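Please open the model in your viewer and prepare to select residues by number.

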Amino acid sequence: MTPPSPLRVGEEEIHEDRYSRFRLIPWWDQTKLQAARVLVIGAGALGNEILKNLALLGFERIVIVDLDRIEESNLSRTILYRSSDVGSYKADVAAKSVKALAPNAKVKSLVANVVQDCGLGLFAWSDVMISGLDNSEARLWINRCAWKMNRPWIDGAIEGINGVARVFVAGSAPCYECTLGETDWKLLEQRMSCNLLLREANTEGKIATTPTISSVIAGIEVQEAVKLLHGMPTLASSGFVFEGLNHTSYKVEYTANPDCMSHFTFEDVTELPQKSSELSLKDLRRLGAEELGVKNLATTEVVVEFSRDIVQKLECPECGSKDEIFAPVGSIKYEQGRCPHDGQMRVVKTIHNYSGTESFGEHTLDKLGLPLFDAFTVRTAEKEKAYLMAGDKSTVLGDEL
């Protein structure tokens, strides 16, 4: 077989391959993209374009998170899906299509709700996160996780023929939460009832968009990821607003909120080799106390904090019945809160930590309603230490990634 003819750049010869044209860009480093670990959250209209671009650019380590199945109406805005895919999970089909575009890519699909089902280890694994979401609740959660694990993320939003792309870098305010106004918070509150049970959303996933605006915003998002990985200037803490009707597009600078709840980063995260099924809360508390230098666990307050609030039980105020649940707040629908015995709305009892006295101390970490590959914080009044359950990684991501 005749070898491909070389390209000449200055005095250097470059043999043609799939990515040889990219290498003509003076600052381009294809190895950075091949090695980068990218978490793509959302595989709808934006997510399809994001994934297509990542595949064409030569990204080879990709995890896709999406909960939904493909619907007929998705097909007008999603390049990775076909009519025969209707009814299948978006994440699974998207992963298969990306592999077809980029045979060398290692792609993992996770059919999951990013707020309730994804541990902090998934965020720690990534070098950059790119989202194609349609709700503020998920964006807020991603923002807080990104800050905790000290990872950058890129957000995109579209509606009609308008859109915005923005970059948020952990440790560098303003962040996404800083951009939320009073109206945004009211909309977030409407998702949950007064007793923390989930109300059904009627509009998520049904925002009017076109494939053209998806292409524009996803293209900017992925371009920002490429720049970020090359250490170049990005839209950090700002956004590019694309106005498609009159093209009065502009860049917006966000303002930091000094009271923002997202601005917290773990100083150090210890990766534990055990799986979540191999450690109980008591075990983790004892380990953390020892490493924090606690001499007497019986007389020193040592608390294990969870990554998110958990619904421990539902209690009926009428008949007194109690059901242990152990599920993330937001995962229990409103109607599930009714007592099966008398139809009364039950009271939600939540937990967010373990101090050593609670009845669930013997529970292994995988029995708390928390996702695998998650992080816990053990703290005293003076010090704290974060632990990542790294033993769960292969269960969540497989061995290739």
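The stops that follow concern salt bridges and the surroundings of their partners.

The model is predicted, so local features require pLDDT of at least 70 and side-chain atom pairs count only at pLDDT 80 or more, while totals for chains, interfaces and linings use all residues. Residues are numbered from 1 along each chain as its sequence is written, and side-chain values use heavy atoms, with hydrogens and water left out.

The whole structure contains 18 salt bridges, a salt bridge being a side-chain nitrogen of Lys or Arg within 4 Å of a carboxyl oxygen of Asp or Glu.

Begin by selecting Asp155 and Arg166, whose side chains form a salt bridge at 3.0 Å, N to O. Asp155 belongs to strand β7 (residues 153-159) and Arg166 to strand β8 (residues 162-168), so the pair ties together parts 11 residues apart in sequence. Strands are DSSP runs of E with at least two residues, helices are runs of H or I with at least four, and both are numbered from the N terminus. Asp155 is buried at 0% relative accessible area, and Arg166 is buried at 12%. Buried denotes under 20% relative accessible area, exposed over 50%, and partly exposed in between (1.4 Å probe, protein chains only).

Next, select Glu182 and Lys186, a salt bridge with its closest N and O atoms 3.5 Å apart. Both lie in helix α6 (residues 182-190), four residues apart, or about one helical turn. Lys186 is partly exposed at 47%, whereas Glu182 is exposed at 60%.

Then select Glu335 and Arg338, where the closest N and O atoms of the salt bridge are 3.2 Å apart. Glu335 is exposed at 52%; Arg338 is partly exposed at 36%.
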